[in-house]
Amino acid sequence: MALASLFSANSASAQDCTDPFVEALVPLTDFGPDDFYMRDASDPFSGGLYPDGTNERPGDHELAGLDLSRNEVFPRDEDGNVDFVNGKIGFASLGMSNTTQEFAPVLDLFANDDSVNPRVVVVNGARGGLIADLWAETDGEAWDHFANRLDQAGITPEQLQVVWMKVVARTSHLRDFPQGPLTAMGFMQQALRNLKDQYPNVKMVFLSSRTYGGYAITPLNPEPLAFEHGFSVKWLVESQLAGDPGMSFIQSEVPWLSWGPYLWANGVGVDEIEGGEPGRLDGLEWLCEDFEASDRTHPAPAGEVKVAELLFNWLKQDCCSAPWFLGASLYADAGPVALADEEIDAGQADIPMLQFRLAPHPASGPVEVTGMQFEASGDGDDAAEISAATLYIDEDQNGIVDVTDTALAAGVYPLDDGILDLTFASPVEIDPGTEATFLLAYDIRETTVQITSLQGGSVAEQEATGSWVLLLVLPAVLGFAMSTARRHARAFALLVVAVAIPLACSGSSSGGGVPADDAIVVTDPITPPPPPPDDPDDPDDPDPVPVAYSVSVIGIDGSNAGNGSDAFQVGLPKQGRTLSVLPN
């Protein structure tokens, strides 16, 4: 169905409060799959907040926003470093007069709600007259005002991380459709690039379009211009989803973009009766008294509170804003010491793989942690594997295992990729205002060994993998040669009192070696000579192959004394290390 609209320069009503409903305008959120909008002779355009007429974020984009909200938007110190105890999350508005009026009550709502994250600092960065045209300039009064507001609130550029943006272009740009909304979109695109350039830690921007303009008695922004501003925001978000040049949040060209609350509704509805058939399917209505009597465009106090409550409740409920706005029961991040890549010998133990910090939400009460789950993977060529793992409290936060550290739990990591589940013998209690630093260390061993045995006066080498069982107590000596990383054998003598029988071995034998299903008995032990020194110029003697490991926390068990919850909203980026594993 075509939803046609006509516009003229005198669209604003000469009579006050006479247009509580405008024919042919339907909220973008109420468009059906077969509905489209056109003005005059324009092409038809579909509705919905996102592509294909839907009001739901595309799945991949939402997952990216959720990851940013959980793993990037953290309390930070003045220099932008993560600081759970004293850091701040700067959240600011950006826009024009309506924006600053509607955002002002948010500060009051925030100050009187104990459920919100006290590390968030709310800043009203909008101001009257600062339209999109001015924010599109790389400097000038808009950005000077914004910087001053942040400074007055005690927020440094490195601490600003989230923005609510509601801004329109000069009315003279908006006369034609769709050129008007496209022009406004272009101004907003440049404003977002400016924002990212000046405030590089801004990760997320939530956007809203105008409220109802049917009561307007001046030509400032009457209908259908107020309604059509929704297309500016819709197409702005879609420009990022489509991968338009200069709009990538992955390349840090602009922040991640999403609709915030959609504010437009068609007055009080088609029946033009307050409380009757609403102006939007979800019940939202705009009354004449929601707007200032001077122009019926700027919000009156009732309209300011209506928008502020819509925004505030949306921030608390949306999956991509709630993690930072409400704060998790437990914060987690990597650091404070970056674990450097290094070269190690196979057989070493307690090699630090991951260091991270946990800190309770400042208002959550003490948190008890009783266990953790880890996931790790490696891309090596079987030169080495991680085996036993131990989790420590890194008491001195130095990133190494030493005598000051407390071991919490140990386990055996599954071969290849898998999950390591550790349960603590005693819970770790972390009080609000403090943090605990953890260190996960692995033992490193080689995955492929060569078994050297003496048979008939010759040494036979047989590669073997699998399980071995000690069956018979006899004096014997087994020589093990672990050489896959450099591809040359180095055997050593080891005195044991057993006969080893392979249960699940495979491989080939040479030089009269023992078949895999026979017992290996060394009757006349020898100690082979040491291997020749490594020759970096010898193509048959390659250098050790680096093995890259990636480790992350995927779950934390415990309880929160503040709210009784055992579900921690914790996310950690994977921490990769490159280890050059040498033969033992």
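**Entry 1: α2 and α7**

I began with two helices, α2 (residues 97–111) and α7 (residues 301–317), whose axes come within 8 Å and cross at roughly 60 degrees. The model is predicted, so I noted that local features need pLDDT of at least 70, that side-chain atom pairs count only at pLDDT 80 or more, and that totals for chains, interfaces and linings use all residues. Residues are numbered from 1 along each chain as its sequence is written, and side-chain values use heavy atoms, with hydrogens and water left out.

I wrote down how the terms are set. Helices (H or I, at least four residues) and strands (E, at least two) are DSSP runs, numbered from the N terminus. Axes are lines fitted to C-alpha atoms, for helices over the stretch in contact, and angles run from 0 to 180 degrees between N-to-C directions.

I looked up the word for this angle: α2 and α7 are oblique to each other. Angles under 35 degrees count as roughly parallel, over 145 as roughly antiparallel, 65 to 115 as roughly perpendicular and the rest as oblique. The crossing of α2 past α7 is right-handed, a term used if the near helix is turned clockwise from the far one by less than a right angle.

Next I listed the contacts (heavy atoms within 4.5 Å). From α2, Gln101, Glu102, Phe103, Pro105, Val106, Leu109 and Phe110 meet Glu304, Val305, Val307, Ala308, Glu309, Leu311 and Phe312 of α7. Sorted by class, this contact has 10 nonpolar, one polar and three charged residues. Here Ala, Val, Leu, Ile, Met, Phe, Trp, Tyr, Cys and Pro count as nonpolar, Asp, Glu, Lys and Arg as charged, and the others, Gly among them, as polar.

**Entry 2: Gln101**

I stayed in helix α2 to check Gln101. Leaving aside neighbours within four places in sequence, Gln101 is in contact with Glu292, His298, Pro299 and Glu304. I also compared Gln101 with Gly303: they are 202 residues apart in sequence, but 9.2 Å apart in space, C-alpha to C-alpha.

**Entry 3: α5 and α6**

α5 passes α6 in a right-handed crossing. On the α5 side I found Pro181, Leu182, Ala184, Met185, Met188, Gln189 and Leu192, which meet Glu228, His229, Phe231, Ser232, Val233, Trp235, Leu236 and Ser239 in α6. The contact of α5 with α6 has 10 nonpolar, four polar and one charged residues.

I found a cis peptide bond from Phe177 to Pro178, with omega near 10 degrees. Pro178 sits in the loop between β6 (160–166) and α5. Glu223 and Pro224 are also joined by a cis peptide bond, with omega about 5 degrees. Pro224 is in the loop between β7 (204–207) and α6.

**Entry 4: nonpolar cores**

I looked for nonpolar cores, meaning sets of buried Ala, Val, Leu, Ile, Met, Phe, Trp, Tyr and Cys residues joined through side-chain atoms within 4.5 Å. How many residues does the largest one have? It has 86 residues, and Phe91, Phe146, Met165, Leu195 and Trp324 have the most contacts inside it. Helix α6 gives the largest share of this core, eight residues. Apart from this core lies another, of 32 residues, among them Ala436, Tyr442, Ile444 and Val553. Not counting residues up to four places away in sequence, Phe91 touches residues including Phe103, Leu160, Trp164, Leu315 and Trp324.

**Entry 5: Trp143**

I then turned to Trp143, in helix α4 (residues 141–152). Its relative accessibility is 2%, so Trp143 counts as buried. Beyond four places in sequence, Trp143 touches residues including Leu94, Trp135, Ala191, Leu195 and Tyr199.

**Entry 6: the whole chain**

Last, I took the totals. The chain has eight helices and 22 strands, and buried residues make up 52% of its 584 residues. Among contacts between residues at least 6 apart in sequence, 74% join residues at least 24 apart.

Definitions and conventions. Buried < 20%, exposed > 50% of the residue type's maximum accessible area, 1.4 Å probe, protein only.
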